[in-house]
Amino acid sequence: MKIRSITLDNVRRFTDPVGIREIGDGLNVLCEPNEQGKSTLFDAIQALFFKPHGSRDKEVTALRPHAGGAPEVTIEVETEGGRFTVTKRWLQKPAATVHRDGTLVAQADAAEAWIADLLGGDAGGPSGLIWVRQGMTDLTGGSTREQKVALEARRDLMSSVGEEVEAMTGGRRMDTALARCREELAGYVTKTGRPYANGPWRIALDRVEELTARRDGLAATAEDLHSALAERKRARRDLRDLEDPEAARDRRQKLEAARATNAAAERHAEELDSEARKVDMARLEADNARNRLEGFREAQAEKTKAAKDAEAAETEARVRKAALDKEREARDTAERNLEIALNTLKKAREAHNLALRAKAARDGEDRRRELETRITNAEKARSSMEKAAAAARSGPDARTLNRVESLAVAHATAIAARNATATQVIAHYSEGREGAIRTDDSTLAGGQPVPLPRATRLTIEGVGELEVRPGDAGHDDSSVEAAAVALRKALDGIGADDLEAARASAAARTAAERREGEAKAVLNSVAPEGIDPLREALAKIPQVDEDADAPDPEVAEDALEDALAAYEEARIARDTASERLSDARNEATRAKTTLTSLRERLKRAEDALTKFGTSTEDELASKSGRAAQALEAAGTIHAEKASNAPDLAGTEAALNRAMSVEQGARDEIARLKPLLARLEERISRSSGDAVEERLAETEQELEAAKATLARIGHEVKVLFRLEKALEAARTEARERYFTPIARELKPLLHLLWPEAELTWGEESLLPDALIRDGQEEPINILSGGTQEQVALLVRLAFARMLAAAGRVAPVILDDALVFTDDDRIERMFDALHRQAGDLQIIVLTCRQRAFRDLGGKALRLAAPEKMEADN
């Protein structure tokens, strides 16, 4: 499997479709800054291949954009069967589809099954081996579930490419057997191989020593038990009867006869089972021969029919192609006629427009003069309005003037209030002496009271000065001064010297506003929509002298109608020809597609016949007949054997009865002998120091103890030998199990460290140590850069092993080299190029400067229309 393109829609930050096109066979590099969607792209690939379309788990919901929507991922893959487009949508209207050349191949659960079959049926697929997400630069990273999936993927791959598929299962049984063996040994001996204290071996040794000492003590003494003579006599008689040779022989003969009969029945049952297996094998061979014959006949018939259909389809394709060429020529002719008609129509329209402009120019002279007059009046009115508006912006408005007048009234009121309580003087002049009295720089008016709020010096012409001082109570001038300051400030604000100047300025403003309104009314009357529309309307009226040579409008209109009719006729002819061409093209395409399909069908039929080699139908029929005869013969033999089968259950019952009789005699003998021994002991103890019976019993116990000791010693020797054999076998199996991955990894490893090797963990199936210069270094103590380099090389070796096992999958690396220095990263680039010779490798990275020298095909993540434009 190789990935050719990827498209994302509504996936995290990508609310509009984006994707990558034209992904090549070897090394492909997507180098973008952070937060441009590389990890989103990786998660989308993971989701399409390993998340069912109906899933709503956290990994799927994490793909939904913040704005909401249904995440959708489309990937085009290339396999041995061709190119397929796989699409999945989650959460809203979930769907999964597989298309080939626009044709739906599978959908829903069938699409999920198709994807699983594409990945080889693995739950983790290549993701656990050769797909590396961002942040997982070592081999043991990820969640517990991801680590478990990766382990299962490694175990499946190692087993599938090894020489023994069951090597790992055998290794587990071997480990269990070795542990059991050592556990058994630990119960007998110490780590140095000596008998374990309180263990069975030591107890057996002590028991033999104890019985030996007892036997030696009893040999010197014996006791006689006289009171038990009668009982001893009966016991001896019974024992004698049981041990009588004739009786024992009769029991043994019956037992042997029962055993022989039962053995014969068992052998017959085994022979019957063997014949049954032969019948099964013959039936299997007959079925295979018959299926092979039927397959040959079906393939031969398919080839004949496919060849006939392909020949007919080829004839049809030639006819359709000729029809397509004819219709294309007719369409081209109609296109040329349409172009001629279009040019004629353009000229007729130009002549018609020219005639209309000339008529409009003649009819629009009065309108032109009216518009020109209105434009002139409007421009004058606008000029007057602009001047009046400028004048209206100076001077106080009515509100401001009212405020100034109010301040003036307040000032006069304050003066009047002050003067009403101030000292007053009234001058009465003699005739001819008016103005003879002065106050500072002004004359004192005659006959009018003049208030003197403060000390004032009056100058009397020809007399001197008169100083008038008011009473001690005085007068408060603050209100007058405050009113004066407020009035002065208001007058300064409008730029007037006094109240009369302010009133004149306000009157001038009011007049300017009135003139502005009058000018605006005039402008609105002559140009309600503005002067520019008038100018545009004037420009649309053509000049009479410009169209002096224009044709007659009626003649031009008739010519235009004729040109339109001719153009419409040519357009209809062109459209008809195009439709006929489209139909012919569709027919030709259909015929070609049918021919291609039939040729592929014929090729498949020929390939199916090739599988039968040089075998003919007669040979296959002969083989099928012989297999059927062999099956019939095997069935006859099995039936005959089954008809003569003895009653195995009856023989087993007879054997059990004979064994029970024999065992009863032995049990009785076993009971009588100890009894006689005890009786003899009592007799010996009563008769003196004789202990023959005790001695005999002790010797029997001693023999039994020695037998137990010998058995335990033999078992210890067997366990020691078994331990050595299991250790040797495990070492050999482990070396054979890790040989394929070590072979793939060796040239890659030597790019960084010549003569270096890796040791592998039996449980994790991962490197656990790096051997350099004869020194073994555990992986977990190596630097971060060295660990990620080893991890990447191991993943590349796994990728090559997957390809060798027929499960080709792309290697996808998302920022897999983070801690590698400049010198080693160059050699890692060489390793990537070395593996990219027959693998597809997709590298996602944000290290633009560091990966500039990686080479390979540069990929871009862009919108579909931009990708089409770039292509």
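# A first chat about this predicted model

The protein exposes about 51,000 Å², with carbon and sulfur atoms supplying 50% of that area.

User: Hi! Before we start, what kind of model is this?

Analyst: Hello! This is a predicted model.

User: Thanks. How many helices and strands does the protein have?

Analyst: The secondary structure comes to 21 helices and 20 strands.

User: And what share of the residues count as buried?

Analyst: Of the 871 residues, 35% count as buried.

User: What about contacts with a separation of 6 or more: what percentage comes from residues 24 or more positions apart?

Analyst: Those residues account for 74% of such contacts in the protein.

User: Let's zoom in on one residue. Where does Ile75 lie?

Analyst: Ile75 is part of strand 4, which covers residues 72-79.

User: Is Ile75 buried or exposed?

Analyst: Ile75 counts as buried, because its relative accessibility is 0% and the cut-off for buried is under 20%.

User: Which residues is Ile75 in contact with, leaving aside neighbours within four places in sequence?

Analyst: Ile75 is in contact with Ile3, Ser5, Ile6, Ile45, Leu48, Phe49, Phe84, Thr85 and Val86.

User: Switching to charges: how many salt bridges are in the whole structure?

Analyst: A search of the whole structure finds 37 salt bridges.

User: Why can side chains pair up like that?

Analyst: Side chains of opposite charge can pair when their charged atoms come close.

User: Let's take one example. What does Asp250 form a salt bridge with?

Analyst: Asp250 pairs with Lys254, and their closest N and O atoms are 3.5 Å apart. Both belong to helix 8 (residues 245-363), where being four residues apart means they are separated by about one helical turn.

User: How accessible are Asp250 and Lys254?

Analyst: Asp250 counts as partly exposed at 34% relative accessibility, while Lys254 counts as exposed at 54%.

User: Which residue does Arg277 meet in a salt bridge?

Analyst: The side chain of Arg277 meets that of Asp273, at 2.2 Å from N to O. Arg277 and Asp273 are four residues apart in helix 8, so about one helical turn separates them. Arg277 is partly exposed at 48% relative accessibility, and Asp273 is partly exposed at 41%.

User: Now Arg580, what is its salt-bridge partner?

Analyst: Arg580 forms a salt bridge with Glu327, with the closest N and O atoms 3.1 Å apart. This pair links distant parts of the chain, as Arg580 sits in helix 14 and Glu327 in helix 8, 253 residues apart.

User: Are those two buried or exposed?

Analyst: Arg580 is partly exposed, with a relative accessible area of 49%. Glu327 counts as buried, at 13% relative accessibility.

User: Which residues do salt bridges with shared partners join into one network?

Analyst: That network is made up of Lys2, Arg4, Asp25, Glu76, Glu78 and Arg83.

User: One more topic. Which residues form a negative surface patch?

Analyst: Asp552, Glu554, Glu557, Asp558, Glu561 and Asp562 form a negative surface patch.

User: Where is Asp552 found, and how accessible is Asp552?

Analyst: Asp552 is in the loop between helix 13 (531-540) and helix 14 (553-610). Asp552 counts as partly exposed, with a relative accessibility of 41%.

Technical notes:
Residues are numbered from 1 along each chain as its sequence is written. This is a predicted model: local features need pLDDT of at least 70, side-chain atom pairs count only at pLDDT 80 or more; totals for chains, interfaces and linings use all residues. Side-chain values use heavy atoms; hydrogens and water are left out. Patches are made of residues with over 30% relative accessible area and no salt bridge: like charges are joined within 9 Å, nonpolar side chains (Val, Leu, Ile, Met, Phe, Trp, Tyr) within 5 Å. Accessible areas come from the Shrake-Rupley method with a 1.4 Å probe; for residues, only the protein chains shown count as cover. A salt bridge is a side-chain nitrogen of Lys or Arg within 4 Å of a carboxyl oxygen of Asp or Glu. Lys and Arg count as positive and Asp and Glu as negative; His and the chain ends are not counted. The place of a charge is taken as NZ of Lys, CZ of Arg, CG of Asp or CD of Glu. Helices (H or I, at least four residues) and strands (E, at least two) are DSSP runs, numbered from the N terminus. Buried means under 20% relative accessible area, exposed over 50%, partly exposed in between (1.4 Å probe, protein chains only). Contact means heavy atoms within 4.5 Å.
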